[in-house]
Amino acid sequence: MSQPIELQQDETFVLNVGPQHPATHGVLRVKMTMDGEYIYNAETVLGYIHRMHEKMAENRTYAQYMPNMGRLDYLSAMAFNHGYALVVERACTIEVPERAEYVRVITVELNRISSHLVWLGAYVLDLGGFTPLMYCFDDREQILDLLESVTGSRLTYCYFRFGGLYNDIDDAFISGTRSFITRMRKELKMYQKLVTGNIILMKRLQGHGLVDRDMCQRYGATGPVARGSGINYDVRRNEPYSIYDRFDFDVPVFHEGDSYARYLVRMEEIEQSLRIIEQALDQLPDGPVNPEKKPKVIKPPAGDYYAAVETARGNFGIRLVSDGTKNAYRLKLRSPTYSNMHLFDEACRGMLIADALAFMGSLDLVIPEIDR
Amino acid sequence: MSGYFSDLFLGAKSLLDGMWVTLKEFPKRPVTLSYPHESVPMYRRFRGHIELIGNEEGAPNCVVCGMCERACPSNCISITSVKPEGSKKKVLTGYTLDFTTCSLCGSCVESCNFNAVRFSNEYNLASTRKEDFIFDLLARLKEQNQ
Amino acid sequence: MSLTLFNVILAVVIAISFVGLNAAYLVWAERKGAGLFQRRPGPMENGLWGLLQPPIDGVKLMTKQLLIPGGVDKAVFITAPVLAMFPALVSFVTIPFSDNIIAHPIDVGVLLIFAFAALGSMSLLVAGWSSRNKYSMISSIRAVSQAVAYEIPLMITTITVVMISGSLNLTDIAARQLDGIWAWHIWPFQDDVGFNLLMPISFLVLFVCSVAETNRAPFDLGEAESELVAGFHTEYSSMGFGLFFMGEYANIVIGASLTTVLFLGGWSCPFGDLGFFPLTHNVGWFLLKIYLIIFVFIWIRWTFPRTTIYGLLNLSWKYLIPISLFNLLLTAALLKVF
């Protein structure tokens, strides 16, 4: 069981998990010092796909840097684009048309659902169940088709522009999204039966991978990880950006702090995202999606700007220091999984390796975003 | 002790629920396509690599302003041109796209004021050689004209 | 050549080809079943419904290089896959496919199967031990503790059935259940024991144990690809891996056969003996029953997530062993009363 056990440091061996390991979903490496199947400590090793995204911002114009944003968190690229567009719009005081804001919210929330679906499938795969992955990918395919029909790409969208969008949505997208909402509600009930209520899954997750409130605050964890530990914080509600203050949605919070709580937070978030999309579609105004007045060359006045958005994994903060030229002086990205991942070392001590990997999956790591 | 039996019964019920879900999927038709034999129609807005747009005579619309070259974040477009004697306009002699570094952001298409570049619908682009991804778009346009 | 020797050779050849064919086409069935459970078609390209896939895969495996990593215990490393295949083959000798199709009837057939099943987990142990890989090592330790936990309820349940039928010979056990579906051991009412409500539950215990015994999902802790890469066969390539794979499927057939003989009446027709061909007791019924059980094996594998080692040991020690022990006592008491 998961009672804390006395671990002997002189009887340990090192198990090298990754950079190529089925459970690390990418090129994360964890050096685990093990006592039998129990973990004595774990050291995460980063940097295998570091691409200097922050430095690139200093050598590219603001518009040229936009595609980089989709390459950080490839599963929730839309939200990262949103964050970057927000900070530049704040810096240059560009007004975003009403319709563009709504379309942004719809696409970001669709992207959030698709990200959570990949997480759900991959997580159950981590736990050894293959079939939910295929069902999740089937549902996600509907979202990707919808987003492809408006943005032109399926994963690394580059859809937002400063002040607006690349192009407008059409009626086919709206009706497709509505039918997707009906379909997804039905599928959520199916997942409830197949995965959420499953006794094997519950026994594996409940009471395992405990992360308490204090630990979340010390490491700066955000998103579903923090909300699963009882921290009621969601950027969309606590510091509303874009038009999120116009929608009625709940922020799911669970107090258990175990892997199952984080699991439930994400499942509930899918439902809440559906609610937001539904409201946004109902309120969607007509009008242009790009501002009439927009500076030809983006040159923010010298200064220090910050914007934060809620991505599928938590608080993505972006700080822009401008010196008034065409390139940023410094761009600092605060990515959510970088903080969430560092919980792992402290929280996994004394866990069995199977529980530790289940715990790692529940943190929902996306490695390109950690390494940037 | 009551937890012992309720665990057993609720657990068994949850397992049966799950098995019922997968059993219902068993006789249904697959949702996948058998890819090389059939494929999905591409969306009009799908972003493949870029291509040049020709006018009615088949000559490229491009006026060699160089906006796309400058807008590209990864420097994958290179344009060559000549200025014939006595003419004010430059004539496009080569438009090369290095697709290995292209991220399909669309900056070139957006920056063009002369309706000269657009996204193609090409997605069958697998190759084992890097050189296959350096496209001569002018030659492609000529091919399309024929 | 004497007739007995010829018979023995014939029996061995038939057993091996049956196992080989089953192993190959169960892989196909598994992949096809997985596909259909997952909204996709499964193998389709080679032959009708992908039916040529298994021989092609076999040729591929055989032509691959057998890589032996540096620093392994070579002799043990090579022996392990053979050790995985061999017990499964030998166990077939005593399985009665019908009243006259049996390689060699042995009076202690049940014992023989258990003895060789234990040898099967031995092969996992030596494979993991000799691989010089920490993942394999952890996996083999898991596999052995799993085998110990599951063989106990498996044996106790079998003993219950043996007590009812009074024989360790699988043919005799099956022959007792020939009077149609209600004579099968799965039902609570038996000739000698009156009414024993625990018999269907005992059948479930045996079924769960045979899933665990064959290291299949949700009890595939030895392989656990998301934790231990591929477990005990991480370092095996080519036919080394192929033999483990075939051994696994052969064990599934053994497990399904044992379940059929002990609880589902072996080759008996569920309607009793009606005399004319398809409805008389024959090998067709036996094969139908084992493939139905194998379908459930596949169905379960593609539905559930994996348990953990403590979840599995909990299930075994807290539920399966007490239930099977209680049923043993109850059956003994009922046998005394009636």
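This is a predicted model: local features need pLDDT of at least 70, side-chain atom pairs count only at pLDDT 80 or more; totals for chains, interfaces and linings use all residues.
In chain A, the axes of α3(A) and helix α4 (residues 98–126) approach to within 7 Å and cross at roughly 140 degrees. Because angles over 145 degrees are needed to count as roughly antiparallel, α3(A) is oblique to α4(A). On the α3(A) side, the contact is made by A:Ala77, A:Met78, A:Ala79 and A:His82; α4(A) contributes A:Arg104, A:Thr107, A:Val108, A:Asn111 and A:Arg112. Sorted by class, this contact has four nonpolar, three polar and two charged residues.

Helix α3(A) turns up again around helix α2 (residues 62–70) of chain A, among the elements that cover its buried residues. Helix α2(A) is mostly covered, with eight of its nine residues buried. These are A:Tyr62, A:Gln64, A:Tyr65, A:Met66, A:Pro67, A:Asn68, A:Met69 and A:Gly70. From chain A, the cover includes α1 (53–57), α3 (77–92) and β8 (328–334). Chain B takes part as well, with its α3 (107–111) included in the cover.

That brings the two chains together into view. In total, 20 residues of chain B are in contact with 20 residues of chain A. Helix α1 (residues 2–25) of chain B supplies the largest share of the side of chain B that touches chain A, namely eight residues. By class, this side of chain B has ten nonpolar, seven polar and three charged residues.

How values were computed: Residues are numbered from 1 along each chain as its sequence is written. Chains are lettered from A and ligands numbered from 1 in the order in which they are written. Two residues are in contact if their C-beta atoms, placed from the backbone, lie within 7 Å. Helices (H or I, at least four residues) and strands (E, at least two) are DSSP runs, numbered from the N terminus. Ala, Val, Leu, Ile, Met, Phe, Trp, Tyr, Cys and Pro count as nonpolar, Asp, Glu, Lys and Arg as charged, and the others, Gly among them, as polar. A residue is buried if 20 or more other C-beta atoms lie within 10 Å of its own, exposed if 12 or fewer, and partly exposed in between; C-beta atoms are placed from the backbone. Axes are lines fitted to C-alpha atoms, for helices over the stretch in contact, and angles run from 0 to 180 degrees between N-to-C directions. Angles under 35 degrees count as roughly parallel, over 145 as roughly antiparallel, 65 to 115 as roughly perpendicular and the rest as oblique.
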